[in-house]
Amino acid sequence: RVILSLTTERSPPAGFRKGRSPMDSGDIAWMLTSTALVVFMVPGLALFYGGMVRSKNVLNMLMMNMYCLGIVPIMWVLVGYSIGNSSGGGGFFGGDWVGNFDAIGLDGLSADPESLIFVAFLMTFASITPALISGAVADRMKFSAWVVFVPVWLLVVYCPVTYWVYNGWHAGNGALDFAGGTAIHLNSGVAALALVLVLGKRRGWPSEAMPPHNMPMIMLGAGILWFGWFGFNAGSAGAANGQAVQALLNTFLAAAAGLVGWIAVEKLRGGSPTSLGAASGIVAALVAITPAAGYVGGLAGVVFGLVAGGVCYWAVSLKSRFGYDDSLDVVGIHGVGGLTGGLLLGLFADSSAIPSGDFSDGLFFGGGVELLLDQIVAMFSVVVLSFVVTWVLAKALDVTIGLRVDDETEQTGLDRALHAESAYS
């Protein structure tokens, strides 16, 4: 994800569009399309996750995702956009650490398309990030706790992290993240780990088998995510330009290679190539290419996808060994996938492949180790902040309103107990 300048005196230009030409009608049309594509990813994610849970909890999973599409836009325009993006003024607010309050309630933002399209585009990223976390806590978290967790987490974790990455000290030190590998995927994966450690394991896990209840739903969700991800990555160029084209091509290649890489590992390990593995490989590769989509060229997208497919398969297999119950593999796919993509970017960044590329080259393209070290420092800082603050927030919710449903509710199913509905007759 990129942070793009606004034509307003209250919010100084920052991030990717600083110093660039004003948008033309084609740029605005592409950004409108990209915004709609990313919105569509949220119901796609809901289907992807919904197919993985047991049939008695599918509606709860859909609700957890769609709730993010309801509450986050409201929080975003009230306060989230301002503290996540408004820079200038120095000091703690508006300096290196968190945005200022100049744009609270979108105050001071001029009513022109170039300003408002980026408020909307960035709002879609803010909406899907907490939704990613929901897969880790499937089958056992109170919906009432989720209702509180999402807006608070948005303000105390997501907004500071996204500010660091695109306006604050990460950007100032040279770290790169084109479309959210660190700000969104690594951030949500680490937060998911902290949340499940407080929440605890599902009843019967890992001795009781808990297979996905609807594989066609999973494949449909993965297809929608792949489709929407073109807006996610190519839209982060901020214009209909050559960098957007490169980002789209890298996104397509990586997802294809991720599918092949995951099922190849399944087969090499003595199993069968599965549809769940194919869907997981697609998403893992999309996560990995996200930070680099607009910074690499050639066959780098294929390399990112193949590596992500193998590495994330391995990461998912470790959760039983370490004993944390990440229900739908958010840590292994989004956390490890985001980390993998950020590290590979430090190796493969190639400014010559991007029209008017103005960023450091990676180790394999003559840039030395500087970018790789910057990537490591930036990602480590996000891991620490996201884990610690999420763990504290989860603990606070646990001791106040309670984080987990009781045993009877978990046994009956969250759909009937919490929502008085059933997905299937």
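Visitor: In which helix is G172 found?

Guide: G172 is found in helix 5, residues 169-172. Helices here are DSSP runs of H or I with at least four residues, and strands are runs of E with at least two, numbered from the N terminus. Please note that this is a predicted model, in which local features need pLDDT of at least 70 and side-chain atom pairs count only at pLDDT 80 or more, while totals for chains, interfaces and linings use all residues. Residues are numbered from 1 along each chain as its sequence is written, and side-chain values use heavy atoms, with hydrogens and water left out.

Visitor: Why does G172 count as exposed?

Guide: Exposed means over 50% relative accessible area, buried means under 20%, and partly exposed lies in between, with a 1.4 Å probe and protein chains only. G172 has a relative accessibility of 64%, and therefore counts as exposed.

Visitor: What makes W164 and W169 an edge-to-face pair?

Guide: Rings of Phe, Tyr and Trp (its six-membered ring) pair if their centres lie within 6.5 Å; planes under 30 degrees apart count as stacked, over 60 as edge-to-face and the rest as tilted. The ring centres of W164 and W169 are 5.6 Å apart and their planes stand at 65 degrees, so the pair is edge-to-face. A search of the whole structure finds 22 aromatic pairs.

Visitor: How do you know whether W164 and W169 are buried or exposed?

Guide: W164 has 10% relative accessibility and therefore counts as buried. W169, at 18%, counts as buried as well.

Visitor: Which kind of aromatic pair do F178 and Y295 form?

Guide: F178 and Y295 are 5.3 Å apart centre to centre, with 80 degrees between the planes, and the pair is edge-to-face. This pair links distant parts of the chain, 117 residues apart: F178 lies in the loop between helix 5 and helix 6, and Y295 in the loop between helix 9 (275-289) and helix 10 (300-317). Both F178 and Y295 are buried. Elsewhere, F121, F125, W229 and F232 form one aromatic cluster.

Visitor: Why is helix 6 called oblique to helix 13?

Guide: Two packed helices are described by the angle between their axes and the distance between the axes. The axes are lines fitted to C-alpha atoms, for helices over the stretch in contact, and the angles run from 0 to 180 degrees between N-to-C directions. Angles under 35 degrees count as roughly parallel, over 145 as roughly antiparallel, 65 to 115 as roughly perpendicular and the rest as oblique. Helix 6 (residues 181-199) and helix 13 (residues 370-400) pack at about 40 degrees, with their axes 8 Å apart. That angle makes helix 6 oblique to helix 13.

Visitor: Which residues make the contact between helix 6 and helix 13?

Guide: Contact means heavy atoms within 4.5 Å. Among the residues involved are L186, V190 and L197 of helix 6 and M379, F387 and W391 of helix 13. The residues of this contact divide into 14 nonpolar, 4 polar and 2 charged. Here Ala, Val, Leu, Ile, Met, Phe, Trp, Tyr, Cys and Pro count as nonpolar, Asp, Glu, Lys and Arg as charged, and the others, Gly among them, as polar.

Visitor: Why is D329 called buried?

Guide: D329 has a relative accessible area of 17%, and is therefore buried. D329 is found in the loop between helix 11 (319-322) and helix 12 (330-348). Not counting residues up to four places away in sequence, D329 touches V316, K319 and H334.

Visitor: What is the phi of D329, and what is the phi of A420?

Guide: Phi of D329 is near 65 degrees, a positive value in a residue other than glycine. Phi of A420 is near 55 degrees, also positive in a residue other than glycine. Most residues other than glycine have a negative phi, and most peptide bonds are trans. The peptide bond from W205 to P206 is cis, with omega near 5 degrees.

Visitor: How do you know whether A420 is buried or exposed?

Guide: A420 has a relative accessible area of 69%, and is therefore exposed. Its place is in the segment after helix 15 (414-419).
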